Amino acid sequence: MKKAIRILGLFLLTFFVVTAVSCSDDDDPANNDFFAGTYKGSVSYSGDGNNISTNDGSVFVTKIASGTKYNFAFSNSIPDLNGIEFNQQGDNTLVMVGSTATSYIRIDNNELKIYYNRDGKTWTANATR
């Protein structure tokens, strides 16, 4: 019986260690070859005669095959942003290529911030996972 408890204990310890190690990088958009995650919070869009704003929205973020470009699928009928290119900044943060004070996207494993202008249209998001 003691041998069975030891084996079970060793199995559980191994399971928890493997789970903890494998999950740490899965949540990080900067260090994964593939990333998909949903950020929830406030989102808005203005353009094409539409003004959409909610504090209970979401953005589904996916890393596409190029490895440096991401797609952003918004809730609430807000048009998607696709093929946005990023550079890694620090260990776990991605910043949009060409960011300025008036147009940026910043993403890490916990937070997404967007203020993006293109062709007279504006997307915003302040969301967390």
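S75 sits in the loop between strand 3 and strand 4 of this predicted model, where helices (H or I, at least four residues) and strands (E, at least two) are DSSP runs numbered from the N terminus. With a relative accessible area of 17%, S75 counts as buried, because buried means under 20% relative accessible area, exposed means over 50%, and partly exposed lies in between (1.4 Å probe, protein chains only). Its side chain makes a polar contact with the side chain of N76 at 2.5 Å. A polar contact here is a pair of N or O atoms within 3.5 Å; within protein, one must be able to donate a hydrogen and the other to accept it, and residues adjacent in sequence count only if both atoms are side-chain atoms. Setting aside residues up to four places away in sequence, S75 also touches V43, G57 and S58, a contact being heavy atoms within 4.5 Å.

A quick word on ground rules: residues are numbered from 1 along each chain as its sequence is written, and side-chain values use heavy atoms, with hydrogens and water left out. Since the model is predicted, local features need pLDDT of at least 70 and side-chain atom pairs count only at pLDDT 80 or more, while totals for chains, interfaces and linings use all residues.

Zooming out, the chain has one helix and eight strands, and the order from the N terminus is α-β-β-β-β-β-β-β-β. Of the 129 residues in the chain, 33% are buried. The accessible surface comes to about 7,900 Å², and carbon and sulfur atoms own 53% of that; these areas come from the Shrake-Rupley method with a 1.4 Å probe, and for residues only the protein chains shown count as cover. Among contacts with a separation of 6 or more, 39% are between residues 24 or more positions apart.

What about the inside? In soluble globular proteins, nonpolar side chains tend to be buried together. In this model, the largest nonpolar core has 21 residues, and those with the most contacts inside it are V61, F72, F74, I105, L112 and I114. Strands 1, 2, 3 (69-74), 4 (81-89), 6 (104-108), 7 (111-118) and 8 each supply at least two residues of this core. A nonpolar core, for the record, is a set of buried Ala, Val, Leu, Ile, Met, Phe, Trp, Tyr and Cys residues joined through side-chain atoms within 4.5 Å. Leaving aside neighbours within four places in sequence, F74 is in contact with residues including V43, S58, I114 and W123.

The model also holds two aromatic pairs. In one of them, Y45 and W123 are tilted, 5.2 Å centre to centre with 55 degrees between the planes. This pair links distant parts of the chain, with Y45 in strand 1 and W123 in strand 8, 78 residues apart. Rings of Phe, Tyr and Trp (its six-membered ring) pair if their centres lie within 6.5 Å; planes under 30 degrees apart are stacked, over 60 edge-to-face, and the rest tilted. Y45 is buried at 3% relative accessibility, and W123 is buried too, at 2%. Together with Y116, Y45 and W123 form one aromatic cluster.

Finally, there are two salt bridges, each a side-chain nitrogen of Lys or Arg within 4 Å of a carboxyl oxygen of Asp or Glu. D48 pairs with K121, the closest N and O atoms being 3.9 Å apart. D48 is exposed at 57%, whereas K121 is partly exposed at 23%. K113 and E111 meet at 3.6 Å, N to O.
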